[in-house]
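The model was opened and the entries were written in the order of looking.

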Amino acid sequence: MKTPLTKRLFQRAIEKINIRPQLHSVRMLKGMKVKLVAVAKNESPYLAEWVYHHLYFGFAQIEIHFNHCSDNTVQLLRTLGHPSVSVINADAAFDRAVDSPQVNIYRKAFDTAWHEGYTHIMFLDIDEFWLPTNLQDSISKWVGSHKKSDVLCFNWLNKTNEGSPYSSLLSEPSLGFEAAEQIKSVYKTAVKPVTMNPHNVIDSALRYSRDNGEEFKPINTHYSRTTAIELPLLPDRAVVIHRKYRSEREYLALLGRGRPIGSANRKSIFKDNRDGYINEKPKFHYRFNEVAFSNYQNYMHSCMSNAGTQKEISLGREFVEQRYKDVIALIANAPVSEKQTLNRLLKNVKDPLALQAWRQFKTRYTIN
């Protein structure tokens, strides 16, 4: 039996000669274990659904790094009490970061996941949900079917049937969506992420593939985009559902959060990586298998019915409602330098208070 000292020496020897890929192949023979890591700030109304959704699809461990939350995120997470969910306070990591604290956390998570014995790791935001279109296959089955891929990439589908405030991801058996070029990836834990962003690791020596096994061909230098998924959507694919919009009130509340990057790089007081609310163009639709949908719904209902969790979700929604009101005031009183940003962010928005605030902004600066 190795002592703690000999274990550390053994691990250092592995790092020096880089035999992780060979050891990883042996590790996979024992079965696939996928760890999911997220960075979260003020996400209390949404965290429980996100966690239970990914447990349903077989993620072995979920690790949530929360930072500088002004809502009841911590209280909500305490109500989950699931052995496969761990929570880390990331305030210090964000305070000392000079570039992207999110990516710094991801880089360290690779090494941690490797030493913990996981075969793969994935990073998602709380508005992103990994989903097999048959609503049955586990993430372990997917990575097991693509053993040669160091990086397995899944296209975004932006959910568009978002009319009801605080609706669940699959509130109905039909998904309305926009096919998007962005991707999120699952990585072997043997990967060394020298250059990476929230969407992908960039390394010409790695083997990349798309969810269906086709070669991943990036269309930008960040490896964060590829051609959108082929339509019609078939029940043998896996995607990442991006809740880019949610309801109008939630969308507007989101705009006041700023972007999760170093403050030195911020150019707007608003979350400016949006191009407006859902447009009027016809949307694509995909209908799930009824039995699979019913099984998923029953599981989610059972998990989400905890009284303590429901209480914290309701309180979290109150925080969102207050952020919505704050954003309305922020729009009306924003500096003139935000004109172009607001013009883009408020495209297709019909919320009466938001439109009134936008008119007040333009009146203040005599803008037509």
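**Entry 1: α4 against α10**

I began with the contact between α4 and α10, where Q75, L76, T79 and L80 of α4 meet G308, T309, E312 and I313 of α10. Sorted by type, the residues of this contact are three nonpolar, four polar and one charged. The model is a predicted one, which I keep in mind for everything below.

I then looked up the geometry of this pair. The axes of α4 and α10 come within 8 Å and cross at roughly 160 degrees. The angle makes α4 roughly antiparallel to α10. I noted the crossing of α4 and α10 as left-handed.

**Entry 2: the buried side of α4**

Which residues of α4 are buried? In this helix, which covers residues 73-80, I found T73, L76, L77 and L80 buried. They lie on the same side of α4, because they cover an arc of only 95 degrees around the axis.

What covers the buried residues of α4? I listed the covering elements, which include α3 (47-56), β2 (61-66), β3 (85-89) and α10 (307-332). I also checked what comes after the helix: α4 is followed by G81, and the phi of G81 is positive, near 55 degrees.

**Entry 3: α3 against α4**

I turned to α3, one of the elements covering the buried residues of α4. The axes of α3 and α4 come within 10 Å and cross at roughly 35 degrees. The crossing of α3 and α4 is right-handed. On the α3 side I found L47, A48, V51 and Y52, and on the α4 side T73, L76, L77 and L80. The residues of this contact of α3 with α4 divide into seven nonpolar, one polar and no charged.

I note that T73, L76, L77 and L80 are also the residues I had listed as the buried ones of α4.

**Entry 4: α3 against α9**

I followed α3 to its contact with α9. The axes of α3 and α9 come within 10 Å and cross at roughly 130 degrees. α3 and α9 are therefore oblique to each other. I recorded the crossing of α3 and α9 as right-handed. From α3, residues A48, E49, Y52, H53, L55 and Y56 meet A292, N295, Y296, Y299, M300, C303 and M304 of α9. By type, the residues of this contact of α3 with α9 are 10 nonpolar, two polar and one charged.

I looked at A292 on its own. A292 sits in helix α9, residues 290-304. Is A292 buried or exposed? I have A292 as buried, with a relative accessible area of 5%. Setting aside neighbours within four places in sequence, I found A292 in contact with Y56, N134, L135 and Q136. I also took the separation of A292 from T73, which is 219 residues in sequence and 31 Å in space, C-alpha to C-alpha.

**Entry 5: α2**

For α2, residues 20-28, I found R20, H24, R27 and M28 buried. The buried residues of α2 fall within an arc of 90 degrees seen down the axis, so they line one face of the helix.

**Entry 6: backbone checks**

Most residues other than glycine have a negative phi, and most peptide bonds are trans. I searched for departures from this.

N42 has a positive phi, near 55 degrees. I placed N42 in the loop between β1 (34-40) and α3. N42 is buried, at a relative accessible area of 7%.

Y223 also has a positive phi, near 60 degrees. I located Y223 in the loop between β8 and β9.

Where is P232? P232 is in the loop between β8 and β9. The peptide bond from L231 to P232 is cis, and I read omega near 5 degrees.

**Entry 7: S224**

I finished with S224, in the loop between β8 (208-210) and β9 (238-242). S224 counts as buried at 10% relative accessibility. Not counting residues up to four places away in sequence, S224 touches E181, Q182, I183, N197 and H199.

Key. Residues are numbered from 1 along each chain as its sequence is written. This is a predicted model: local features need pLDDT of at least 70, side-chain atom pairs count only at pLDDT 80 or more; totals for chains, interfaces and linings use all residues. Side-chain values use heavy atoms; hydrogens and water are left out. Buried means under 20% relative accessible area, exposed over 50%, partly exposed in between (1.4 Å probe, protein chains only). Helices (H or I, at least four residues) and strands (E, at least two) are DSSP runs, numbered from the N terminus. The arc is that of the directions from the helix axis to the C-beta atoms. Contact means heavy atoms within 4.5 Å. Axes are lines fitted to C-alpha atoms, for helices over the stretch in contact, and angles run from 0 to 180 degrees between N-to-C directions. Angles under 35 degrees count as roughly parallel, over 145 as roughly antiparallel, 65 to 115 as roughly perpendicular and the rest as oblique. A crossing is left-handed if the near helix is turned anticlockwise from the far one by less than a right angle, and right-handed if clockwise. Ala, Val, Leu, Ile, Met, Phe, Trp, Tyr, Cys and Pro count as nonpolar, Asp, Glu, Lys and Arg as charged, and the others, Gly among them, as polar.
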